[in-house]
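The sequence and the structure come first, and the description follows.

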Amino acid sequence: MTTKSVAIILHNRLEALGMASLLNGHYEVDVHIVSAFEQLPVAQRERFGLFVTSEDEFLKHLSFFMPHNEATVIITDKLDSSHYTTLSPHTTEEEMLALLDPYFRDDCGEGNQNHLTQRETMVLRLVVEGLLNKEIADRLNISINTVLTHRKNITAKLGIKSVSGLSVYAIMNGIVSPK
């Protein structure tokens with residue numbers, strides 16, 4: 001696994017340190033913490049592979065973050081977007097890791113883009129079986145938000161949005177057997 005540079009841009013120092021601790025505890029990262037976007041040296045901004053920021057900083061510097069939407073995580077309770085990853089300050093550690101994990105995988109080359117984690121494969125099997133998100137959450141003993149995150153990651157990796165398409169993919173790749 002290669003080291004990824006992460007810029008944490010949060011006014012709340014405790015939140016920033018907590019996020020840095022979470023990232024350092026689970027991934028090989030080089031974390032740079034600032035309380036405002038302006039504190040990031042202009043010449044170094046492009047070296048960061050991930051930006052974790054508050055909704056306020058995100059909105060103030062939208063022109064920077066829009067082209068970096070694939071590498072931006074917004075800490076907010078209000079903003080919900082399909083183009084950006086958002087985390088609530090109330091999100092559990094397990095849910096945060098499920099959301100952040102795709103940013104830290106060594107996905108080099110076309111073949112690895114479709115690689116599903118073991119948990120994503122489990123969720124895919126249950127989706128193909130016809131279980132609802134709540135039933136999947138209960139079966140795997142995880143929250144509904146975590147199920148939704150796994151489904152979002154599966155869709156992003158495979159480029160397949162429909163359950164029927166996911167079913168065909170699962171059968172073709174031996175994840176489930178045809179009935």
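## Overall make-up

What percentage of the 179 residues in the protein chain is buried? Buried residues account for 44% of them. The model is a predicted one.

The chain contains eight helices and five strands. Read from the N terminus, its elements follow the order β-α-β-β-α-α-β-β-α-α-α-α-α. Of the contacts between residues at least 6 apart in sequence, 52% join residues at least 24 apart.

## The sheet

The five strands make an open sheet, ordered β2-β1-β3-β4-β5, with parallel pairing. At the edges are β2 (29-34) and β5 (85-87), each of which pairs on one side only. From one strand to the next, the twist averages 20°.

Strands of a sheet pair through backbone hydrogen bonds, and the pairing can be parallel or antiparallel. In this model, β1 and β2 run parallel and are joined by six bridges; Lys-4 stands opposite Val-29 of β2. Strand β1, residues 4-9, also pairs with β3 in the parallel sense, over four bridges. There, Ala-7 has Phe-51 of β3 as its bridge partner. Another four bridges join β3 to β4, again in parallel, and Ser-54 has Ile-75 of β4 as its bridge partner. Between β4 and β5, which run parallel, there are three bridges. Ile-74 stands opposite Thr-86 in β5.

## Buried strands

Five of the six residues of β1 are buried, so this strand is largely enclosed by the rest of the structure. Strand β4 is covered on both faces: Thr-72 and Ile-74 are buried on one side, and Val-73 and Ile-75 are buried on the other.

Leu-50 belongs to strand β3, residues 50-54. Is Leu-50 buried or exposed? Leu-50 counts as buried because its relative accessibility is 0%, and the cut-off for buried is under 20%. Setting aside residues up to four places away in sequence, Leu-50 touches Ser-5, Val-6, Ala-7, Ala-71, Thr-72, Val-73, Leu-100, Tyr-103 and Phe-104. Leu-50 and His-68 are 18 residues apart in sequence, and their C-alpha atoms are 8.7 Å apart.

## A helix across the sheet

Helix α4, made of residues 93-104, lies across β1, β2, β3, β4 (72-75) and β5. The helix runs at about 145° to β5.

Thr-146, which is located in helix α7 (residues 144-158), is in contact with Glu-94, Glu-95 and Ala-98, leaving aside neighbours within four places in sequence. The side chains of Thr-146 and Ser-143 are joined by a polar contact of 3.0 Å. Thr-146 has a relative accessible area of 1% and is therefore buried.

## Helices α5 and α8

Two packed helices are described by the angle between their axes and by the distance between those axes. For helix α5 (residues 118-128) and helix α8 (residues 163-172), the axes come within 9 Å and cross at roughly 120°. The crossing of α5 past α8 is left-handed. On the α5 side, the contact is made by Leu-124, Val-127 and Val-128; on the α8 side, by Val-163, Leu-166, Ser-167, Tyr-169 and Ala-170. Sorted by class, this contact of α5 with α8 has seven nonpolar residues, one polar residue and no charged residues.

The buried residues in α5 are Glu-120, Thr-121, Val-123, Leu-124, Leu-126 and Val-127. The buried residues of α5 pack against α6 (133-140), α7 and α8.

## Positive phi angles

Which residue with a positive phi follows α5? Gly-130 does, with a phi near 95°.

Most residues other than glycine have a negative phi. Asn-141 is not a glycine, yet has a positive phi of about 60°. Asn-141 is placed in the loop between α6 and α7. With a relative accessible area of 69%, Asn-141 is exposed, as the cut-off for exposed is over 50%.

Technical notes: Residues are numbered from 1 along each chain as its sequence is written. This is a predicted model: local features need pLDDT of at least 70, side-chain atom pairs count only at pLDDT 80 or more; totals for chains, interfaces and linings use all residues. Side-chain values use heavy atoms; hydrogens and water are left out. Helices (H or I, at least four residues) and strands (E, at least two) are DSSP runs, numbered from the N terminus. Buried means under 20% relative accessible area, exposed over 50%, partly exposed in between (1.4 Å probe, protein chains only). Contact means heavy atoms within 4.5 Å. Two strands pair if DSSP finds at least two bridges between them. Axes are lines fitted to C-alpha atoms, for helices over the stretch in contact, and angles run from 0 to 180 degrees between N-to-C directions. A crossing is left-handed if the near helix is turned anticlockwise from the far one by less than a right angle, and right-handed if clockwise. Ala, Val, Leu, Ile, Met, Phe, Trp, Tyr, Cys and Pro count as nonpolar, Asp, Glu, Lys and Arg as charged, and the others, Gly among them, as polar. A polar contact is a pair of N or O atoms within 3.5 Å; within protein, one must be able to donate a hydrogen and the other to accept it, and residues adjacent in sequence count only if both atoms are side-chain atoms.
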